[in-house]
Amino acid sequence: MQGLHLTADLHDCGCDTRWLLDADALGARCLQAVVRAGLQAVAQLFHTFPASAQGPGGVTATVLLAESHLCVHTWPEQRAVTLDVYVCNFGGDHSAKAQALMDELSALFAPGQLQKHHLLRGGAVTVQAT
């Protein structure tokens with residue numbers, strides 16, 4: 001059950017607003033990034049939340065990977081995003097692929113502030129915040 005779990009909290013995102021509001025566009029971009037990273041998508045769900053008194057609704061893009069999962073959640077009213085990439089390393093080390101996926105999606109949102117976490121799962125656990 002060895003794996004790598006990467007998370008990132010992005011603030012002050014300077015990206016085009018469509019990446020924060022358009023579930024279909026964001027989902028398509030996530031699927032492209034998964035392929036470029038060398039991972040395998042097996043299912044996906046892209047959802048737009050309704051607008052509220054705080055502003056337009058955000059989106060969630062979830063991609064189920066053969067290796068585990070990718071989740072992206074946006075808060076357009078705060079220009080914020082959370083990213084979550086987890087890969088199981090059963091049968092091979094997918095850590096570099098997970099990092100490539102995280103790097104590409106982080107860059108897409110052009111955050112002014114970025115907080116990343118790196119968690120090795122299974123066996124000895126190490127948490128690294130950057």
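**Notebook: ring, helix pair and salt bridge**

I looked up Arg 121 in this predicted model and found its charged end over the ring of Tyr 86, 4.8 Å from the ring centre (CZ of Arg or NZ of Lys counts if within 6 Å of the centre and within 35 degrees of the ring normal). Local features need pLDDT of at least 70 and side-chain atom pairs 80 or more, while totals for chains, interfaces and linings use all residues. Numbering starts from 1 along each chain as its sequence is written, and side-chain values use heavy atoms, without hydrogens and water.

I next examined H2 (residues 23-37) and H3 (residues 95-109), which pack at about 145 degrees with axes 9 Å apart. Helices are DSSP runs of H or I, at least four residues, numbered from the N terminus; axes are lines fitted to C-alpha atoms over the stretch in contact, with angles from 0 to 180 degrees between N-to-C directions.

I then searched the whole structure for salt bridges (a Lys or Arg side-chain nitrogen within 4 Å of an Asp or Glu carboxyl oxygen) and found 1. Arg 36 and Glu 104 form a salt bridge at 2.4 Å, N to O. Arg 36 lies in H2 and Glu 104 in H3, so the pair ties together parts 68 residues apart in sequence.

How values were computed. Helix = DSSP H or I, 4+ residues; strand = E, 2+ residues; numbered from the N terminus.
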